Amino acid sequence: MLEGAVSGYLAGKIFPEKDLFKIVKRHAFWGALIMMLPDFGFGTIFFVIILWRMYTKLADKVGVSFLDNFWKLVGFGLLVNIIVAFAIDLLMTALFFLEGFIIYFQFYFSGKMFINVLKSEFDA
(Lines give C-alpha, C1' and ligand atoms only; values in the text may rest on other atoms or scores of the structure.)
Protein backbone atom coordinates (compact mmCIF):
# COMPACT_ATOMS: atom_id res chain seq x y z
CA MET A 1 0.00 0.00 0.00
CA LEU A 2 2.75 2.45 0.97
CA GLU A 3 4.89 1.52 -2.02
CA GLY A 4 1.87 2.09 -4.29
CA ALA A 5 1.42 5.64 -3.02
CA VAL A 6 5.13 6.40 -3.22
CA SER A 7 5.49 4.82 -6.66
CA GLY A 8 2.53 6.84 -7.91
CA TYR A 9 4.32 9.99 -6.79
CA LEU A 10 7.64 8.85 -8.25
CA ALA A 11 6.01 7.94 -11.57
CA GLY A 12 5.53 11.56 -12.54
CA LYS A 13 8.56 13.06 -10.82
CA ILE A 14 11.41 10.68 -11.64
CA PHE A 15 10.12 8.78 -14.68
CA PRO A 16 8.30 11.04 -17.13
CA GLU A 17 8.33 8.17 -19.67
CA LYS A 18 5.47 5.87 -18.61
CA ASP A 19 6.77 2.80 -20.45
CA LEU A 20 10.18 3.02 -18.73
CA PHE A 21 8.46 3.53 -15.39
CA LYS A 22 6.38 0.38 -15.91
CA ILE A 23 9.53 -1.67 -16.54
CA VAL A 24 11.23 -0.35 -13.40
CA LYS A 25 8.07 -0.71 -11.29
CA ARG A 26 7.52 -4.33 -12.32
CA HIS A 27 11.12 -5.31 -11.61
CA ALA A 28 11.19 -3.37 -8.33
CA PHE A 29 8.13 -5.27 -7.16
CA TRP A 30 9.63 -8.67 -7.98
CA GLY A 31 13.02 -7.74 -6.52
CA ALA A 32 11.44 -6.61 -3.26
CA LEU A 33 9.20 -9.67 -3.10
CA ILE A 34 12.09 -12.07 -3.68
CA MET A 35 14.18 -10.39 -0.99
CA MET A 36 11.35 -10.55 1.57
CA LEU A 37 10.62 -14.26 1.07
CA PRO A 38 12.75 -17.10 2.39
CA ASP A 39 15.20 -17.82 -0.39
CA PHE A 40 17.44 -20.56 1.02
CA GLY A 41 20.56 -18.58 0.18
CA PHE A 42 19.60 -17.75 -3.40
CA GLY A 43 18.29 -14.23 -2.74
CA THR A 44 21.33 -12.45 -4.12
CA ILE A 45 21.29 -14.56 -7.28
CA PHE A 46 17.60 -13.79 -7.85
CA PHE A 47 18.22 -10.10 -7.10
CA VAL A 48 21.02 -9.89 -9.67
CA ILE A 49 18.95 -11.71 -12.32
CA ILE A 50 15.96 -9.40 -11.84
CA LEU A 51 18.12 -6.27 -11.77
CA TRP A 52 20.05 -7.09 -14.94
CA ARG A 53 16.88 -8.17 -16.70
CA MET A 54 15.51 -4.72 -15.88
CA TYR A 55 18.66 -3.05 -17.23
CA THR A 56 18.44 -5.11 -20.44
CA LYS A 57 14.80 -4.15 -20.97
CA LEU A 58 15.54 -0.48 -20.25
CA ALA A 59 18.40 -0.44 -22.73
CA ASP A 60 16.23 -2.04 -25.40
CA LYS A 61 13.39 0.39 -24.73
CA VAL A 62 15.72 3.39 -24.97
CA GLY A 63 17.15 2.03 -28.23
CA VAL A 64 20.56 0.83 -27.08
CA SER A 65 21.57 -2.72 -27.90
CA PHE A 66 22.62 -4.36 -24.65
CA LEU A 67 24.59 -7.10 -26.38
CA ASP A 68 26.45 -4.72 -28.73
CA ASN A 69 27.51 -2.56 -25.77
CA PHE A 70 27.72 -5.34 -23.21
CA TRP A 71 30.94 -4.45 -21.38
CA LYS A 72 30.26 -0.73 -21.30
CA LEU A 73 26.73 -1.25 -19.95
CA VAL A 74 27.90 -3.81 -17.40
CA GLY A 75 30.45 -1.26 -16.18
CA PHE A 76 27.81 1.45 -15.95
CA GLY A 77 25.38 -0.92 -14.24
CA LEU A 78 27.95 -1.94 -11.64
CA LEU A 79 28.90 1.67 -10.98
CA VAL A 80 25.25 2.73 -10.66
CA ASN A 81 24.56 -0.14 -8.25
CA ILE A 82 27.57 0.62 -6.08
CA ILE A 83 26.59 4.28 -5.80
CA VAL A 84 22.91 3.60 -5.16
CA ALA A 85 23.51 0.69 -2.77
CA PHE A 86 26.07 2.67 -0.78
CA ALA A 87 23.82 5.73 -0.50
CA ILE A 88 20.73 3.75 0.49
CA ASP A 89 22.65 1.53 2.92
CA LEU A 90 24.18 4.58 4.53
CA LEU A 91 20.77 6.21 5.00
CA MET A 92 18.81 3.12 6.03
CA THR A 93 21.25 1.09 8.14
CA ALA A 94 19.19 1.53 11.28
CA LEU A 95 15.99 0.36 9.56
CA PHE A 96 17.02 -3.26 9.05
CA PHE A 97 13.40 -4.47 9.07
CA LEU A 98 12.60 -2.55 5.88
CA GLU A 99 14.82 -4.57 3.54
CA GLY A 100 12.05 -5.19 1.00
CA PHE A 101 11.13 -1.51 0.99
CA ILE A 102 14.78 -0.56 0.51
CA ILE A 103 15.18 -3.01 -2.37
CA TYR A 104 12.03 -1.64 -3.99
CA PHE A 105 13.45 1.89 -4.07
CA GLN A 106 16.90 0.70 -5.03
CA PHE A 107 15.37 -0.55 -8.27
CA TYR A 108 13.67 2.81 -8.83
CA PHE A 109 16.78 4.89 -8.35
CA SER A 110 19.19 2.54 -10.13
CA GLY A 111 16.72 2.29 -13.04
CA LYS A 112 16.57 6.07 -13.31
CA MET A 113 20.35 6.46 -13.17
CA PHE A 114 20.80 3.71 -15.77
CA ILE A 115 18.33 5.43 -18.13
CA ASN A 116 20.24 8.70 -17.73
CA VAL A 117 23.52 6.96 -18.55
CA LEU A 118 21.98 5.30 -21.61
CA LYS A 119 20.59 8.58 -22.87
CA SER A 120 23.77 10.56 -22.29
CA GLU A 121 26.21 7.95 -23.61
CA PHE A 122 24.26 6.69 -26.60
CA ASP A 123 22.18 9.72 -27.56
CA ALA A 124 19.07 7.58 -27.27
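This is a predicted model: local features need pLDDT of at least 70, side-chain atom pairs count only at pLDDT 80 or more; totals for chains, interfaces and linings use all residues.

Residues are numbered from 1 along each chain as its sequence is written, and side-chain values use heavy atoms, with hydrogens and water left out.

Helix α2 (residues 18-36) and helix α5 (residues 99-122) have axes that come within 8 Å and cross at roughly 150°. Because angles over 145 degrees count as roughly antiparallel, α2 is roughly antiparallel to α5. Residues of α2, among them L20, F21 and V24, meet residues of α5, including F107, Y108 and G111.

L58 is in helix α3 (residues 43-62). With a relative accessible area of 0%, L58 is buried (under 20% relative accessible area). Leaving aside neighbours within four places in sequence, L58 is in contact (heavy atoms within 4.5 Å) with L20, I23, V24, G111, F114, I115 and L118. The C-alpha atoms of L58 and L20 are 6.6 Å apart, at a separation of 38 residues in sequence.

The structure holds 13 aromatic pairs; rings of Phe, Tyr and Trp (its six-membered ring) pair if their centres lie within 6.5 Å, and planes under 30 degrees apart count as stacked, over 60 as edge-to-face and the rest as tilted. F21 and Y108 form a tilted pair, 6.0 Å centre to centre with 40° between the planes. Both F21 and Y108 are buried. The rings of W52 and F66 have centres 6.2 Å apart and planes at 65°, so this pair is edge-to-face.

Technical notes. Axes are lines fitted to C-alpha atoms, for helices over the stretch in contact, and angles run from 0 to 180 degrees between N-to-C directions. Helices (H or I, at least four residues) and strands (E, at least two) are DSSP runs, numbered from the N terminus. Angles under 35 degrees count as roughly parallel, over 145 as roughly antiparallel, 65 to 115 as roughly perpendicular and the rest as oblique. Buried means under 20% relative accessible area, exposed over 50%, partly exposed in between (1.4 Å probe, protein chains only).
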